[in-house]
Every structure is written in structure tokens, then in C-alpha cells.
Amino acid sequence: MNLSLDYEQFDDDNKYDFVDERNVFYNYTLNGTDIGYGHINSYIRITFVLLLRLGFVLVQMGTVPVENVYRISFFNIFEIGNVIMSYFLIGHMLSFGKSTYKGWLGYSYNFSYNLDGALYGLCACLIGSSQISCFLVGRVHLACSVFTTLLYCSWYQPFLIHWIWSTNGWMNKSKLMGSKVSVKDYGGNLVIHLSSSIIGTIGSLFLGRRLIKMDDLDEHSLGREHSGNTMVGLVFIVLGYIAFNLPTPFFEANRKPHNYVGVILTNNLIAFGAGILIVCLLHLIIFRSIYNYWIIVRCFQGGIAGIISIAAAVDIYTYLESLGISAITSIFFFFFSILIHNTALEDYCNLISSHLIGSIIAVMACPLLANKQNFETKFRKVHILWQFICLCVVIAITTVFAWFVFLIFALCKLLRNKHEVLNHRRAVMIKRYLPKKGLLERLFMIDSKTDHIEPGEEKRKQYMVDKQTFT
């Protein structure tokens, strides 16, 4: 993964300053051993990514208010099967096909030739789909969930993988202003985190405001056990993100200092710790209180935002660069999470603040701050421009794709499930009797003094008795 191109196939005057390949479709021999048919890192990666998927289920159960958390379980279980079959049957060929159509899509490829590549692409799809589900779970119709996942894993994300990680991808190997350029996206900020968070955000915009009556929540919704499960889920997510970035033996053997496992692990842990520390300090300084379920969750999510912020170049950052970037990103995360919390956007897992904002920072930070590979050449400004162009292209295309998909389902009246339809009708009816609010304002504005729905039997009983409505 993130293999360096074999420069011997180019003449000296035709070399790229650096081609950042994250593809894993190789069949090379390393120390006399064929490493193209399954390596221990692939086993570690898929194991922890599956744990990550479980982590997102636990986090959704403890943070997303739905009538019954078993709806979340079924949604995710069905989606995992959909992701695996969609990518193996269609997506893998488009992403890592031997042949390419002008760097835009791959074809003519047998995935049995490259088992590591098949597993790696599957990991990317599992992560991306899980992040989308955080926005949509419990709200969308099953048909919308199935076809959105199918399109994302079999078609859209494989296109991004081919463009950015494949040897033949046009973003990975192109020319700009007379200089050969290659986008840097080692940890999948463009391929996974940015694309999935944009799709989820647009889905939330289509779904709009949500209104839930507390007496509709049964004993299987936000139970008291979910506070601990959420913490376990967040730990699984962190482990999955770190394991996803493990390098291949070929990558380490062909680059110095030959200890990229240590470099990647250390950079991720530094970023994780810095993100947690900054968000905790900001809560203590501004709110002077940390004894709240949602505040504790946000502090942990600050660490995840730190990991996301260095993912694009986690293999080349110094420890100080990782510390600085993650610290700055965690500050942005803190204020954006509070801002979004006071809008009508349903983002209980704070993915907009951590993944969308963090990915934008990550993609542009590596050419600006990193002093290795192509970023230290005389063409540095050209590479910065190329990173920005690729970022804008992914944002634009993902936005068009998401708007088109959700618009089709909205027109077909298959966007919302029956409970969400009822909740939406309640919100529309109540809206008639409330002062006019802006598009992104909640029906009931939340501030720092407002009670929140939290895991715990006593909290739920209190709301049941009061029979209040809450967003």
C-alpha cells in the first residue's frame, strides 16, 4: 500500500518527483518471497476495520436518538453484507483493474490475482459506508440505504480509489504547468473521509429537521448501558483508523528509514492525544464543566479529528508536525461541533466537524507543511496547486453525486422510513405555530443550559413523565 513507483521504467528526464500510490495490486518478490497473495498486514487491517465497523454501531446506539436501537443494528448488519458483495463483484475491478480508460476507471481485472488489493479496497468501503450510516441510520427507507451503499461501494468510491491510489489514476499521475504531479492521500482523506462525510451531510439536509416525542422512545432506545458501549465503540474506531494506515512490506523495503510502522503508529498516537487534550482544555476553559455525556463523547471525538487531520501524509510527517496539525484541527473541531449542534443538521456523531473539516485541513496541510518527497522540490507550489485542484474536484463531484441520489429517492418517496415520515409530519405541523426560522435553525434551539437526551433510565423516565418534545 502506498507503493512507490518503480522509477526504472522511466527515463531520467521523465520521472515524477514523487508518485504517491496507495494501491496494493502488486505481485512483487521481496527477499525471495511472493508478497502479492496475502500478507499479515492485510489480516491485521481487515480485522481492525471490522472492529471499527462494530465501533460505529456501538457509537450510533449511544448517540443517535431512534425509537428502537435494534433498527440501528439491522441497518448496519444489512449494510456490511451489501458492502462486501458490492465491492467484490463490481467495485474492485473499477478501482484496481489492470487496464485503465485514460486514468478514470479500471477494467479487465481478476481480483483473485491480488487478494491484498481486494481486502484493502474492501476496508476503504467499510469505513466510508459506516461514516455515511452515522447520518442516515434510523431515518432513511431501507431501499434508500441499500441503493446508496450499492452505488457508493460498487461505483463511486472505486472511481476515487482508481483516480487517487491506482498506478494509472489521473490524479496520481498527471502533469501540471510542465511539472509531473501526484496527489498525496496516504490515509484516504479524499477517498474515504471527505467523500463519505459530504454524502452524509447532504443526506441530512434532504431529511431536514427531526422532531421526536419522548414517549415514543421505548426501553430499547438509549439505555443506560450505552454510555459505556459508546466509549468502547470509539476505541474500536481509533484502532481501525490506525490499522488501516499500516504500510506494506514493499513500501517499507523501498523507502527509508524502513520503520514506517513505528512512524505511522507514533504520529497517530500523538495526533490522537493532542486532539483529546485540546478539546478537554477548551471545555474546561469555556464551559467549566466536563460532567456531561455529550461533552465526554466530544472530547474523545477530538482525538479522532486529530487522527483524521494527519491521515493524508501520516507516513512523512515529523512528530512535531503531527502535533501542530492535530492541535489546530482539534480547535476547529471544537467550535464547528458546537456551531453545527445549534443548527438543524443531524450529526450526533460529529462527523462534519471531525471528518469533513479535518479532511480539508489534512489534504492542504501536507503540501504546505511536509518537507519530504515531492513537497521539498522546486515545484512545491505546483504540487500545492494540484492538491487544491484534486480537493475541489472531489468535493464538487461528490456533492453532485449525493444530491442526485437523494433527490431521486425523495421524488420516489423512498427517502424516509415510516417513523421518520411521522416525525417529519410532526415537525411540519408544529412549525406552523412557531416563529419563522432560517433553513438551518432547529425548531427548538439548543444552548448550553438545555437538557440533552442521554443514556440512562432516570433521564428517560423524567422525559417520559414530562412528555416534552425535543429535537
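Where is the place of glutamate 346? In this predicted model, local features require a pLDDT of at least 70 and side-chain atom pairs a pLDDT of 80 or more, whereas totals for chains, interfaces and linings use all residues. Residues are numbered from 1 along each chain as its sequence is written, and side-chain values use heavy atoms, without hydrogens or water.

Glutamate 346 lies in the loop between α10 (319-341) and α11 (351-369); helices are DSSP runs of H or I with at least four residues, numbered from the N terminus. The relative accessible area of glutamate 346 is 3%, and the residue is therefore buried (under 20% relative accessible area, with a 1.4 Å probe and protein chains only). Its side chain forms a polar contact of 3.3 Å with that of tyrosine 348 (a pair of N or O atoms within 3.5 Å, one able to donate a hydrogen and the other to accept it; residues adjacent in sequence count only if both atoms are side-chain atoms).

The structure contains zero disulfides (pairs of cysteine sulfur atoms within 2.5 Å). Cysteine 134 is buried, with a relative accessible area of 5%.

Note on methods: Helices (H or I, at least four residues) and strands (E, at least two) are DSSP runs, numbered from the N terminus. Buried means under 20% relative accessible area, exposed over 50%, partly exposed in between (1.4 Å probe, protein chains only).
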